[in-house]
Amino acid sequence: MSYAATIIASPTGDLTLLASDRGLAAVLWNDDASMQRRYAPRTDGRDHPVLAAATRQLAEYFAGTRTAFDLPLDPIGTDFQRAVWAALLAIPYGETRSYRDIAAAIGRPTATRAVGAANGRNPLSIVTPCHRVIGAGGALTGFGGGLPNKQLLLALERRVAGATFGQPDLFVARAVAS
């Protein structure tokens with residue numbers, strides 16, 4: 001399969017957007033070589049309608065005027081991964097869930113590590129909000145875009161939603177390496 005591709009600038013750095021004929025397939029961090037290789041070959045996506053909509057909606061998200069995405073999605077993944085990603089889509093804007101919460105939501109309460117692995121393989125960063133998943137004790141844990149970007153995304157949503165996650169410095173102090 002060939003993917004239409006475009007690169008957009010964002011407050012988190014450049015993002016590569018990829019679409020199939022069925023929908024948005026990936027929002028990739030440019031330093032994630034394995035995911036970049038997974039979605040090849042590519043064609044110029046400047047005129048692709050899904051990429052145009054995704055570009056507009058991501059700009060609105062970063063501007064704080066969009067709290068939900070309305071795009072057809074076409075990620076590559078196993079049935080388990082897709083179940084995890086569907087649970088991520090159910091996390092309300094401005095809120096977080098733990099890996100344990102996601103495991104329970106998909107009916108696999110003992111699968112927290114597998115949920116973490118599936119979360120890490122999410123090809124639709126930001127759109128499928130894996131950044132909203134935190135450790136059970138509230139610690140920020142691994143994120144494909146890096147913990148500073150996870151903090152940025154959570155802070156943006158906290159500001160826009162007016163949600164209370166505790167002291168902003170708590171996230172910095174409790175951040176752990178992936």
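This is a predicted model: local features need pLDDT of at least 70, side-chain atom pairs count only at pLDDT 80 or more; totals for chains, interfaces and linings use all residues.

Modeller: Residues are numbered from 1 along each chain as its sequence is written, and side-chain values use heavy atoms, with hydrogens and water left out.

Biologist: Which residues of helix H5 are the buried ones?

Modeller: Buried means under 20% relative accessible area, exposed over 50%, and partly exposed in between, with a 1.4 Å probe and protein chains only. In H5, which spans residues 112-120, the buried residues are Val-115, Ala-118 and Asn-119. They line one face of the helix, because seen down the axis of H5 they fall within an arc of 100°, the arc being that of the directions from the helix axis to the C-beta atoms. On the face turned away from this buried side, H5 carries the exposed residues Arg-113 and Gly-120.

Biologist: How many helices and strands are there in the protein chain?

Modeller: Helices (H or I, at least four residues) and strands (E, at least two) are DSSP runs, numbered from the N terminus. By that rule the protein chain has seven helices and six strands, and along the sequence they follow the pattern β-β-β-α-β-α-α-β-α-α-β-α-α.

Biologist: What does the radius of gyration say about the protein chain?

Modeller: The radius is taken over C-alpha atoms, and the globule rule is 2.2 Å times the number of residues to the power 0.38. For 178 residues a compact globule would have a radius of gyration near 16 Å, and the 16 Å of the protein chain agrees with this. Along the principal axes, its C-alpha atoms fill a box of roughly 45 × 35 × 25 Å. Of the 178 residues, 47% are buried, and among contacts between residues at least 6 apart in sequence, 61% join residues at least 24 apart.

Biologist: Where is Gln-57 placed, and what is it in contact with?

Modeller: Gln-57 sits in helix H2, residues 49-63, and counts as buried because its relative accessibility is 3%. Leaving aside neighbours within four places in sequence, Gln-57 is in contact with Arg-66, Phe-69, Asp-70 and Leu-71.

Biologist: Is Glu-157 buried or exposed?

Modeller: Glu-157, which lies in helix H6 (residues 147-161), is buried, with a relative accessible area of 0%. Not counting residues up to four places away in sequence, Glu-157 touches Tyr-61, Tyr-93, Gly-94, His-131, Arg-132 and Gly-162.

Biologist: Where do Ile-126 and Thr-96 lie?

Modeller: Ile-126 lies in the loop between H5 and E6 and, at 1% relative accessibility, counts as buried. Its phi is near 75°, a positive value in a residue other than glycine. Thr-96 is in the loop between H3 and strand E5 (97-98), and is buried with a relative accessible area of 18%. Thr-96 and Tyr-3 are 93 residues apart in sequence and 31 Å apart in space, C-alpha to C-alpha.

Terms used
Contact means heavy atoms within 4.5 Å.
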